[in-house]
Amino acid sequence: MGLFSKGPKGEKCKVCKAILEKREERLYAMPGVYVGHYKEHPHGAWYRDNLVPIDSKAQIPTGIYAARVELFKCPRCGKEKAVVHPFLSVRDSEVTEFPVTLEYLELDAFLGR
Ligand SMILES: [Zn+2]
């Protein structure tokens with residue numbers, strides 16, 4: 001990997017610029033968030049209180065938003081972050097919304113710690 005290469009997983013650490021390691025990817029449903037009613041919440045606590053973990057897309061009720069959450073950790077300084085990718089399953093495709101990044105206190109709130 002070259003110094004300046006930026007792969008699709010090239011999320012960089014804000015603190016030390018190392019490439020973040022993806023530790024985990026989780027899938028959640030957002031019960032109560034219907035088509036046309038998704039609103040971005042930059043607060044980790046909102047995601048903690050409103051996202052329900054699921055095992056597969058088959059468990060997402062029709063017309064309800066879901067989210068893929070990627071958890072990253074810096075291999076050098078240990079800084080963590082989560083990126084929430086909200087989406088709506090429509091037949092065989094996904095309508096995606098802007099990703100929300102949770103760091104520091106927001107990440108702690110999301111993870112419930
Ligand atoms: Zn770092």
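Modeller: One cut-off comes before the rest: two residues are in contact if their C-beta atoms, placed from the backbone, lie within 7 Å. With that in hand, take Ala66. Leaving aside neighbours within four places in sequence, Ala66 is in contact with Leu27, Tyr28, Ala29, Met30, Ile60, Phe87 and Ser89. Bear in mind that this is a predicted model.

Now the core itself. The largest nonpolar core has 15 residues. Those that touch the most other members are Met30, Ala66, Ala67, Ala82, Val84 and Leu102. Strand 1, strand 3, strand 4 (80-90) and strand 6 (100-103) are the elements that give two or more residues to this core. Strand 3 supplies the largest share, 4 residues.

Next, Ala82. This residue lies in strand 4. Ala82 counts as buried because it has 21 C-beta neighbours inside 10 Å, and the cut-off for buried is 20 or more. Set aside residues up to four places away in sequence, and Ala82 touches Val69, Glu70, Leu71, Leu102, Leu107 and Phe110. In sequence, Ala82 and Leu102 are 20 residues apart. In space, their C-alpha atoms are 5.1 Å apart.

Then the strand pairing. Strand 1 (residues 21-34) and strand 3 (residues 64-73) run antiparallel, joined by 9 bridges. Within that pairing, Arg26 has Val69 of strand 3 as its bridge partner. Val69 also turns up among the residues that Ala82 touches. Strand 1 pairs with strand 2 (residues 52-54) as well, again in the antiparallel sense, over 3 bridges. There, Val52 of strand 2 is the bridge partner of Ala29. Ala29 is also one of the contacts of Ala66.

Finally, the setting. The protein chain has 2 helices and 6 strands. Along the sequence, they follow the pattern β-α-β-β-β-β-β-α. The C-alpha atoms fill a box of roughly 45 × 30 × 25 Å, taken along the principal axes. Of the 113 residues in the chain, 19% are buried. Among contacts with a separation of 6 or more, 61% come from residues 24 or more positions apart.

Key
Residues numbered from 1 in each chain as written. Predicted model: local features only at pLDDT ≥ 70, side-chain atom pairs only at ≥ 80, totals over all residues. Pairing = 2+ DSSP bridges. Core = buried A, V, L, I, M, F, W, Y, C linked by C-beta atoms within 7 Å. Buried ≥ 20, exposed ≤ 12 C-beta atoms within 10 Å, placed from the backbone.
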